[in-house]
Amino acid sequence: MSQIGIIGLPNVGKSTVFTALTKQDSQIGSFPFSTTEIHTAFGEVVDSRLTEAAKIENSQKIVYPKIQLYDLPLNPNKPVFTANVFAKLREMDGFAVVLRDFESSSVDWGDVPQSINEQLEKIKLELIVADLEILNNKEDRLIKESKALSEKPKELLIVNKSIDILESGGELKNYNWDTQELSFFRDLALLTLKPKVYLINTEEEGINNKEKISEEGEVIVTSAKIEQELSELDSSEENDMRKQYSVEESLLSSLLNSIYKELNLISFFTVGDKESRAWTIPINTKIPEASGKIHSDMEKGFIKAEVVGIDDFIEGNGWEGLKNSIKIRLEGKEYIVRDGDVVIIRFSK
Ligand SMILES: Nc1nc2c(ncn2[C@@H]2O[C@H](COP(=O)(O)OP(=O)(O)OP(=O)(O)O)[C@@H](O)[C@H]2O)c(=O)[nH]1
Ligand SMILES: [Mg+2]
């Protein structure tokens, strides 16, 4: 399961976002630095296609895709994160960066710039400085170790290149690193290498949209406050209110989609009377490996898979309705699983 840290400057609505996504409180307050502890909880994305498919098969249980979210406290003194929080940030698979675009006279701006791009630069700088510290230490160690060598080791060249990028204000994720370089980076858990999605927290009355975000990548525009209020309603009330506010897709679902895009992940499904379930895999995964997610025996003894897209599955009225239909394809070991595939794995034990 992906672990995502919600980060941003003080009082921009990080905890409001966290609560909207998880229904758990994390010390929302109108003053800066109101969150003082690390909070974590799961966000489960109710995929209506899976609900529909499960209904057709009378599934006893439905397991939707989940992400684990973290609301991380800021340090009122420098640096913005304490060592403890930095250590947590290094464990994350990616970040949701919250940028404040709502006015609200009752919420203190403190030192936070009103421009979303300036906010973004400030946060980026914190991450860059943290990475530089790690890389500078690594550089010192490598120089010492390589004194006796006639040639600079490859690792030192990678470190030098990374330091140059960071010192000129760049993030490491924006460069194409080869697999050797990426595996070297793995142990260092560098923060600017992690994927990010941007959450512009805007007015309840509609998008403020004063400014276009300068960063490329997945951007979600939302009012965290509305989303938090909607998350407290039951699902039929929520649907009515969503229509009224014209925010049909929930923040959780757009966030999950954006995160999956940034992390190159997709979901496939198993649908049956006991359980209907979403499974998360990297894109370009072959079916034996994907089925290993369900059970290791399936990967080892993989023979064939029956595969049908979930929309076709619903339209064809499930396994019974699709019996003998050409919509169900028989796929072998080389098949690459697509987003939304419903599968039955045939395997030998
Ligand atoms: N008007 C308005 N207020 C919001 C919105 N999102 C958050 N707020 C308010 O802004 C204040 C700060 O929100 P928090 O979620 O506590 O912000 P935070 O980033 O977690 O703050 P710290 O943990 O203190 O850094 C609270 O009073 C929220 O109710 C929004 O979309 N619109
Ligand atoms: Mg907070």
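In what sense do β1 and β4 pair, and over how many bridges? The two strands pair in the parallel sense, over four bridges; strands count as paired if DSSP finds at least two bridges between them. Helices (H or I, at least four residues) and strands (E, at least two) are DSSP runs, numbered from the N terminus. Within this pair, Gly5 has Tyr70 in β4 as its bridge partner.

The structure is a predicted model, in which local features need pLDDT of at least 70 and side-chain atom pairs count only at pLDDT 80 or more, while totals for chains, interfaces and linings use all residues. Residues are numbered from 1 along each chain as its sequence is written, and chains are lettered from A and ligands numbered from 1 in the order in which they are written.

An open sheet of six strands has the order β2-β4-β1-β5-β6-β7, and its pairing is mixed. At its edges stand β2 (39–44) and β7, each with a single partner strand, so one side of each is left without a neighbour in the sheet. From one strand to the next the twist averages 25°. Axes are lines fitted to C-alpha atoms, for helices over the stretch in contact, and angles run from 0 to 180 degrees between N-to-C directions. Helix α4 lies across β1, β5 and β6 and runs at about 140° to β5.

Strand β6 is joined to β5 in the parallel sense by six bridges, with Leu199 of β6 as the bridge partner of Val98. Four bridges join β6 to β7 (residues 219–222), also in parallel, and here Ile200 stands opposite Val221. A residue is buried if 20 or more other C-beta atoms lie within 10 Å of its own, exposed if 12 or fewer, and partly exposed in between, with C-beta atoms placed from the backbone. Six of the six residues of β6 are buried, so this strand is largely enclosed by the rest of the structure. In a regular strand the side chains alternate between the two faces of the sheet. Both faces of β6 are covered, with Lys196, Tyr198 and Ile200 on one side and Val197, Leu199 and Asn201 on the other.

Helix α1 is likewise largely enclosed by the rest of the structure, because nine of its nine residues are buried. Among them are Lys14, Val17, Phe18 and Leu21. Just after α1, Lys23 takes a positive phi of about 65°.

A nonpolar core is a set of buried Ala, Val, Leu, Ile, Met, Phe, Trp, Tyr and Cys residues joined through C-beta atoms within 7 Å. The largest such core has 45 residues, and those with the most contacts inside it are Ile6, Ala96, Val97, Leu99 and Leu199. Elements that each supply at least two residues of this core include β1 (3–7), α1 (14–22), β5 (94–100) and α4 (116–145). Its largest share, six residues, comes from α9. Two residues are in contact if their C-beta atoms, placed from the backbone, lie within 7 Å. Neighbours within four places in sequence aside, the contacts of Leu199 include Val17, Ala96, Ile220 and Thr222.

A second, separate core of 22 residues includes Phe268, Phe269, Ala305 and Ile345. Ala305 and Ile345 are also bridge partners, the latter in β12. Seven bridges join the antiparallel strands β10 (residues 302–309) and β12 (residues 341–347). Strand β10 is also joined to β11 (residues 329–331), by three bridges and again antiparallel, and Glu331 in β11 is a bridge partner of Ala305.
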